[in-house]
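Colleague: I am new to this model. Please take a close look at the aromatic rings for me, and then at what surrounds them.

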Amino acid sequence: MRSVLSISVLACCACALHAQLSVSNQGALISLKDGAFISIHGDYRSELNGSFDNEDTVFIFGDWVNNAGNTGFNEPNEGAVVFIGDDQRIQGTDITHYYDLDHRGSGTKFGDLDVIVEGTMQLNDREFNMDTNTVTVTNTDLTAVKNTTPPGFVSSLQNGGIARHTAVADDYFYPVGSSVGTLRYRPAYITPATTALHNFKTRMANVDATAEGFDRNVRQPIICDINPFFYHRVFRLLGNDAADILLTYQEPQDGQYSNMVHWQNIPWWEDMGTAVYTNGGAGLSSIKVDGWNDFSYSPFALANTSPKFDVNNDLQIICDNDTVVLYINENFIGYQYFINGVPVQNDTSNILIISTLNDGDTITVIGQDSTCIAYSNELVVDVYPLPTAYAGEDTTVYIGASVQLEGEGGLDYLWSPDSSLNCATCQNPLATVFETTPYALLVSDANGCKDLDTVVIFIDREINPRDVLFIPNAITPNGDGVNEEWNIRNLDLFPNNQITILNRWGDVIYDSTPYLVSWDGTYKGTSVPDGTYYYLIKLNDIRQTLNGPLTVVR
């Protein structure tokens, strides 16, 4: 039969087993119950399939050595093991499954092989150096890993680290750091996307990633610089779901960072996309990436990447054949412009001047500085067609004649020169012309696009007066205010004139030299009968007489 060392106490009493060098169960069962504790002032050795039935507390000042061929404790094992000495080691050929593991005292605690913690791991202010091994906390409670101030941490090399089983979509704490070289405590937080069981492991590598085979110079061109002091390794050992990753750093000691990068694909360092920066003030700042699901490689690092930038243009609306100035507000040492993916300019200018843009063209720019490049957001341009301006046909008139200009093709109109016009912004203004004049018409549509046309009004002093004068052939003096009088337009161009109106029998019923007051269809104050009358217009300036019928209708 296997020998058993059993220690029992009353509820209010305690019993301690003291040894100067070590305690070994030598294949026996040590049972600790009912509020008792055991204090080992030396090493504890478990041999020959011996075990511990621990329901309370084991204080140990030396090393823990498990060569028993088992997990070290019987189930259920809900007691605590407190390492309370100076430098202490967990050793042996077999992995011990602690329930509560508590590091106190002074010095560093070492894990010379893997360690399992099924309850709570309390680091307090101690370094738990796992070397290339892993301490795994299987308790999925968020508070299963703790430390104090100053903070204790898990340090490790290569693929070592701290692993935690997760089953809550919340922040799991990974207190990682290192005392190799510059002492650094740079914890990480993993937030699983689901409540499914996962196992994530983290290590803080307190070296330049290049020294461990992850060359910081082998990176995407948009990555400007990568933290040269340390990086993290994050492993997903169980499960397939995404997780948020948060890494911490100390400003300004470690530098200033805005992004996180991952060693992947080629492999090389690649930008992880949108990251959230939080300034920790006097504490630890952080960079967080949400929903990450690529754990094919474990290295993650803090970095600065080039942000996307905008391509700006100097016109709010672009019309056909417009000369457009494209410009970049950010400062780079070089710029490469692309239209529809085709390079069109590559130099140091942040400006591209172009007049051949078409509707739907895409514009992108690459900015180059001394360490990285940046890509612009894609600009898709809307180019509107031009309206078609029409200023009318060229016309020849007598000097000083009034001519109605007739514009078409736009929503807004602007004529120039405007000195001889009665309205420069009307569609059909009147022009009084004393010399041959070209009139430019600028039309604008609803988009603000413009077109220009020109009409020329020529002056000819020998022109047929009928081409100059507008002589109505009827009046309607009925009191409605419309066409009440016989108005001859442009007659003022021939001031030496005489107007005579005759009835059908040749009697003169109106005569005026010159014609200053328009005839209103009366004779000696009495309205003339409806009918057809005849006019004689003598233009004494040019020795011509014009005649024709004039109908009166009431």
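Modeller: First, a term: a residue is buried under 20% relative accessible area, exposed over 50% and partly exposed in between (1.4 Å probe, protein chains only). Tyrosine 44 has 0% relative accessibility, so it is buried. Tryptophan 64 is buried too, at 1%.

This is a predicted model: local features need pLDDT of at least 70, side-chain atom pairs count only at pLDDT 80 or more, and totals for chains, interfaces and linings use all residues. Numbering starts from 1 along each chain as its sequence is written, and side-chain values use heavy atoms, without hydrogens and water.

Now the rings. The structure contains 25 aromatic pairs. Strands (E) are DSSP runs of at least two residues, numbered from the N terminus.

Tyrosine 510 and tyrosine 515 also pair. Their ring centres are 6.0 Å apart and their planes stand at 90°, so this pair is edge-to-face. Both tyrosine 510 and tyrosine 515 are buried.

Arginine 89 lies over the face of phenylalanine 110, 4.1 Å from the ring centre. The charged end of arginine 504 sits over tryptophan 505, 5.5 Å from the centre of its ring. Such a charge is NZ of Lys or CZ of Arg within 6 Å of the ring centre and within 35 degrees of the ring normal.

Next, a sheet. Five strands run in the order E50-E56-E55-E51-E52, and the sheet is open with mixed pairing. Its edges are strand E50 (474–475) and strand E52 (508–512), each pairing on one side only. Pairing takes at least two DSSP bridges. Strand E55 (residues 531–539) and strand E56 (residues 544–552) are antiparallel, joined by nine bridges. Leucine 539 has glutamine 544, in E56, as its bridge partner.

One last residue. Glutamine 122 belongs to strand E15 (residues 121–122). With a relative accessible area of 19%, glutamine 122 is buried.

Technical notes
Helices (H or I, at least four residues) and strands (E, at least two) are DSSP runs, numbered from the N terminus. Rings of Phe, Tyr and Trp (its six-membered ring) pair if their centres lie within 6.5 Å; planes under 30 degrees apart count as stacked, over 60 as edge-to-face and the rest as tilted.
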